[in-house]
Every structure is written in structure tokens, then in C-alpha cells.
Amino acid sequence: MKILVTGAQGFVGRNLTAELCNRGYTELYLYDIDTDPALLDAYTKDCDFVFHLAGVNRPQDESEFDSGNRGFTQELLSRLERHNNACPVVVASSAQAVRDNAYGRSKKAAEDVAFAYAQRTGARVMVYRLPNLFGKWCRPNYNSVVATFCHNIARGLDIQLNPDNPELTLCYIDDLLAEFIAALEGREHRAEDGFCYVPETYRVRLFELAELLQSFKKSRDNLEIPDMADAFTRKLYSTYLSYLPTDSFSYPLKMNVDPRGSFTEFIRTPERGQVSVNISRPGITKGNHWHHSKNEKFLVVSGTGVIRLRRVGSDEVIEYHVSGDRLQVVDIPPGYTHNIENLGDTDMVTIMWANEPFDPDKPDTYFLEV
């Protein structure tokens, strides 16, 4: 299938082009503002599907709204019609098409052109009034509050908050791509009013958005991972990470070091517990304590050793020999005192998970030799 993408270098265009390539679509006609205009005629003659993403939203002169939105849509569809090419067309419009301003009127005019073309030619035309979009590769300080907030917060810059705290309707780029691929395959979501839509969007207040993004920045200090069970939080966190400065992908952890080795917290979550990294020197035994309710999982990933457990009140010692050469998880139930000894001649590295973050006010940890 030969697919024409206008606005191919824009936020949506770049993501869509990448996803089309991922799915094996290799014959792509990519058209943008710096493309030779003569190619548009060849592309519209030969293409089997059109994603019309091109448009103007930040012109130097207000008259460019009409020429860039209605005008270019008219030119694109006229060329298709001239070539008797009734291939399906996706038109990316905007939720602002209902507003009485220069941009909104130009997008509404482009929609009218598209619907008239569909009625006249019988072509399958899918017009999407897109809400605010967010995701990787969106330009900050342009027309996306999410991109701007992510960029500034990641760099410790101030953000501007509208004191009215407006409610935003947001759509994640991957959800938009999924809908566009569905449209490509003839499975678009179409409402009774004739417009197509992305079924998954999110409504959030501006202050809540800012607070959530700021919590992502703080997570490097408190080691807390956001609630990934919430779809919006998960997608927003992915977006935030894509705006990190390239020299700030890494961050240090606090290592608690003593002659026995080290213990370092890696991740804390309020609902999924805590992950830490334990390093034991050769011949060292750590632990010898038990818990009422806290439970843990030990995974030795390097070195060799033994994990010993004894139920409180019993004399029977249970041993599990562990090695980074054969990964296995050992559960540490509550009510069992336990330790871990490095039996090798190199450092032993153990990944430890606890079902709850450590609370110094309620440690639930009691010394008792195994």
C-alpha cells in the first residue's frame, strides 16, 4: 500500500511515519512544508491512502490560517479528484474548529471541504477533531502545554499556571496512532455526527497535571515510582522521560556502605513495595532477623551463597544454595528468621524486594540468629 502523509515532519507525522514503518508499510510518500510542491501531484495520483496532517497553527500573518488549513486541504483533495483517485483520506482537524477565531474558522472550513469532497466523490473520508495531544517528540513552547511543562520541569525551569485551573482533554500519541492504524484497516471509530474520534482520551485539571509532572521529577530523590496502574499516569510518565536532557538520563543512588558490603534502595512504591540491591563481601553473612508481617524475595544475580531460614520457635534450619549462574527467587515468609551468606570469593549481588517500603517508625524487624 502506498501511503501519503502530509505534515510528515510534525509531531503526529513523525510518530505515525515511525509506526507505519514498524508495521511493514514501506512505500510512504512523505510531504511537508519543505517538500518540492511538484511532488504532490505525483503522490496524489499514485497513493492508496492519505493521512492529511498538515496545517497551520502559529502563522506570522492571520491570513495564513485560511491558506494553510482550508486552502491546502482544498488543493490536496482537488488533486486526488483530478486523478480520479477516490482512496480513503484521514483529515486531522482540531477540537478548536467549534471556536469563532481565525484558527477555529479555518479548521472548520477545511472540514467542510473534506465532507463536501466525500459527498461528491464517494471517497471514504475520516475527519478527526483532535483534542490536545501529548507524547514524545512534541515541540515544547509551541502549542502543547504538556510538552512545555515536561521540558521546563525536567530542567528546573518555571512553568506558568492559569489561575482559572482549566480542565484539559488530552489524547496520548500512541492511542491516536492506534486509531489511525484502525482507520487504515477500515476499522475507524465514527460518531453519529459523521466525525471520527479516538476512543481513549483523558480529562485533567491544569494544576493536577503540573503536580503530577513535578512528582515525576521528585521521584529521583524519593525513589517512588508513579502509579502505573493508572493509564494516564503511565503515559504521562513515559512522555516526561522523553523530555529529559540527554546529559541527565542517569541519577545517583545513596549507597549504605560498611565493611560487609553495601545496601542500596532502588525503587519505592506505596502499593508494590520496595526494591533494593545488596552487595555482600566474600565470607560475609547478613540478616539474622525476622518480621511479623513484612515479607521479601531474594534473587542472587552474581556470586554464590546460601540463604538460611528458621521458623521462630523451631530448631530446623532450611537452606537454599543460590548462584548468579542459576537464577532463582527465594521467598522469605514472615515469622522466619533468615540470613544470607556469601560462600564465594567474589562479591555476591542480591536483588531484594520487600512488600512494603521501609518505615523507620515501624521497621517490623527483630534480631534473631538463624
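**Close-up 1. Lys-254 in the loop between H8 and strand E9 (255-258).** In this predicted model, Lys-254 has a relative accessibility of 66% and therefore counts as exposed, the cut-off for that class being over 50%. Leaving aside residues up to four places away in sequence, Lys-254 touches Phe-263, Thr-264 and Glu-265. Of these contacts, Glu-265 lies eleven residues from Lys-254 along the chain, and the C-alpha atoms of the two residues are separated by 7.3 Å.

Close-up 2. After H5 comes Gly-156, which has a positive phi near 70°.

**Close-up 3. Phe-51 within the largest nonpolar core.** This core has 55 residues, and those with the most contacts inside it are Leu-20, Phe-51 and Leu-209. Helix H6 (residues 173-184) gives the most to this core, contributing seven residues. When residues up to four places away in sequence are not counted, Phe-51 touches Ile-3, Leu-4, Val-5, Thr-6, Leu-16, Leu-20, Val-90, Phe-180 and Leu-184.

**Close-up 4. A second, separate core of 23 residues.** Among the residues of this second core are Tyr-29, Tyr-43, Val-50 and Ala-118. In soluble globular proteins, nonpolar side chains tend to be buried together.

Terms used:
Residues numbered from 1 in each chain as written. Predicted model: local features only at pLDDT ≥ 70, side-chain atom pairs only at ≥ 80, totals over all residues. Heavy atoms only, no water. Core = buried A, V, L, I, M, F, W, Y, C linked by side-chain atoms within 4.5 Å. Buried < 20%, exposed > 50% of the residue type's maximum accessible area, 1.4 Å probe, protein only. Helix = DSSP H or I, 4+ residues; strand = E, 2+ residues; numbered from the N terminus. Contact = heavy atoms within 4.5 Å.
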